[in-house]
Amino acid sequence: MGRKFFVGGNWKCNGTGEEVKKIVSMLNEGEVPSDDVVEVVVSPPFVFLPVVKSLLRSDFHVAAQNCWVRKGGAFTGEVSAEMLVNLGIPWVILGHSERRALLNESNEFVGDKVAYALSQGLKVIACVGETLEQRESGSTMAVVAAQTKAIAEQVSNWANVVLAYEPVWAIGTGKVATPAQAQEVHCELRKWLQGNAGAEVAATTRIIYGGSVNGANCKELAAKPDVDGFLVGGASLKPEFIDIIKSATVKKSA
Ligand SMILES: O=C(CO)COP(=O)(O)O
């Protein structure tokens with residue numbers, strides 16, 4: 001079966017109550033292809049999840065940006081997977097490079113988080129990606145394969161996993177990977193999945209691209225055969241997010 005195009009909006013640590021409501025209105029008014037064609041998931045900060053979920057159009061869904069690695073309890077400041085499930089939040093982003101770099105989340109820790117979130121019934125957007133130094137030293141594939149391996153070791157059912165390739169050097173920099181660069185890594189990741197998780201998983205798992213995606217560059221990226229959608233940061237707070245969602249039609253007509 002084909003891989004349904006997936007567009008995620010990662011709002012990161014942005015927004016006031018007022019701004020969040022404005023973004024939701026913008027999303028609710030947007031004309032986009034049906035949810036048979038594109039799956040749209042927006043990820044506000046934890047504190048805004050309930051309000052966004054309650055106001056958001058029913059064909060879009062919400063994701064948390066993180067959750068605790070195991071069952072909740074005496075872990076001050078953390079939010080557990082069970083809480084997200086209890087609030088009806090279907091998705092969670094795990095292993096974002098900002099958390100890997102700034103909060104020292106290791107490959108193994110991210111793998112453990114993915115395992116626990118999946119075990120609780122959450123769907124997971126799992127992020128991988130190399131730094132500029134790693135790319136320049138020729139270790140891109142080794143890095144993303146090691147990150148993916150730590151996740152894959154903990155996943156038995158890939159149906160609820162979307163893999164997000166987000167090169168760190170392209171995040172928030174305005175320096176987008178070229179469609180060829182994105183395709184190259186996505187294709188390698190799919191081969192990695194084929195070799196390590198099987199042909200079926202490789203054929204059906206969505207691999208989405210993140211890093212300075214905007215309304216102007218999305219169509220060219222979406223046209224690449226192994227790019228199954230996007231994880232969008234800055235542009236997901238703006239009206240051009242609607243244009244990015246619409247780039248799903250590039251696939252449909254391909
Ligand atoms: O980190 C990202 C999405 O998770 C990408 O962020 P930007 O789109 O702002 O580069």
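Biologist: Which residues is Ala117 in contact with, leaving aside its neighbours within four places in sequence?
Modeller: Ala117 is in contact with Cys67, Ala81, Val92, Leu94, Leu122 and Val124. Two residues are in contact if their C-beta atoms, placed from the backbone, lie within 7 Å.

Biologist: Before I go on, what sort of model is this?
Modeller: This is a predicted model, in which local features need pLDDT of at least 70 and side-chain atom pairs count only at pLDDT 80 or more, while totals for chains, interfaces and linings use all residues. Residues are numbered from 1 along each chain as its sequence is written.

Biologist: Which members of the largest nonpolar core touch the most other members?
Modeller: Val92, Ala117, Val124, Ile125 and Ala126 do, out of 78 residues in that core. A nonpolar core is a set of buried Ala, Val, Leu, Ile, Met, Phe, Trp, Tyr and Cys residues joined through C-beta atoms within 7 Å. Buried means that 20 or more other C-beta atoms lie within 10 Å of the residue's own; with 12 or fewer it is exposed, and in between it is partly exposed, with C-beta atoms placed from the backbone.
Biologist: Why would such residues sit together?
Modeller: In soluble globular proteins, nonpolar side chains tend to be buried together.

Biologist: Which residues of H5 are buried?
Modeller: Val110, Gly111, Lys113, Val114, Tyr116, Ala117 and Leu118 are buried in H5. Helices (H or I, at least four residues) and strands (E, at least two) are DSSP runs, numbered from the N terminus.
Biologist: And what covers them?
Modeller: The cover over the buried residues of H5 includes helix H3 (81-86), strand E4 (91-94), E5 and H7.
Biologist: How far apart are the ends of H5?
Modeller: The end C-alpha atoms of H5 are 18 Å apart, which agrees with the 18 Å that its 13 residues should span at 1.5 Å a residue. The expected span is 1.5 Å times one less than the number of residues. After H5 comes Gly121, with a positive phi near 100 degrees.

Biologist: Switching to H1. Which residues are buried there?
Modeller: Val20, Ile23, Val24 and Leu27 are buried in H1. Down the axis of H1, its buried residues fall within an arc of 100 degrees, so they line one face of the helix. The arc is that of the directions from the helix axis to the C-beta atoms.
Biologist: What is on the face turned away from the buried side of H1?
Modeller: That face of H1 carries the exposed residues Glu18, Lys22, Ser25 and Glu29. On the buried side, the cover includes strand E2 (38-43), helix H2 (49-55) and strand E3 (60-64).

Biologist: How about H8, which residues are buried?
Modeller: Ala182, Val185, His186, Leu189 and Leu193 are the buried residues of H8. Within H8 these too fall in an arc of 100 degrees, so they line one face of the helix. Ala180 and Gly195 are exposed on the other side of H8.
Biologist: What do the buried residues of H8 pack against?
Modeller: They pack against helix H7 (140-152), strand E6 (161-165), helix H9 (199-204), strand E7 (207-210) and helix H10 (218-222).

Biologist: Where is Glu130?
Modeller: Glu130 lies in the loop between strand E5 (123-128) and helix H6 (132-136).
Biologist: Buried or exposed?
Modeller: Glu130 is buried, because 23 other C-beta atoms lie within 10 Å. Not counting residues up to four places away in sequence, Glu130 touches Arg135, Thr140, Val143, Val144, Pro167 and Val168.

Biologist: What is the phi of Asn104?
Modeller: Asn104 has a positive phi of about 55 degrees although it is not a glycine. Most residues other than glycine have a negative phi. Asn104 sits in the loop between helix H4 (97-102) and helix H5 (107-119), and is exposed, with 8 other C-beta atoms within 10 Å.
Biologist: And Ser212, what is its phi?
Modeller: Phi of Ser212 is positive, near 60 degrees. Ser212 is in the loop between E7 and H10 and is buried, with 21 other C-beta atoms within 10 Å.

Biologist: Last topic, the ligand. Which residues come nearest?
Modeller: Asn10, Ile171, Gly210, Gly233 and Gly234 come nearest, of the 14 residues around the ligand. A residue is near a molecule or strand if its C-beta atom, placed from the backbone, lies within 6 Å of it.
Biologist: How many in the shell are charged?
Modeller: The shell has 1 charged residue, along with 5 nonpolar and 8 polar ones. Ala, Val, Leu, Ile, Met, Phe, Trp, Tyr, Cys and Pro count as nonpolar, Asp, Glu, Lys and Arg as charged, and the others, Gly among them, as polar.
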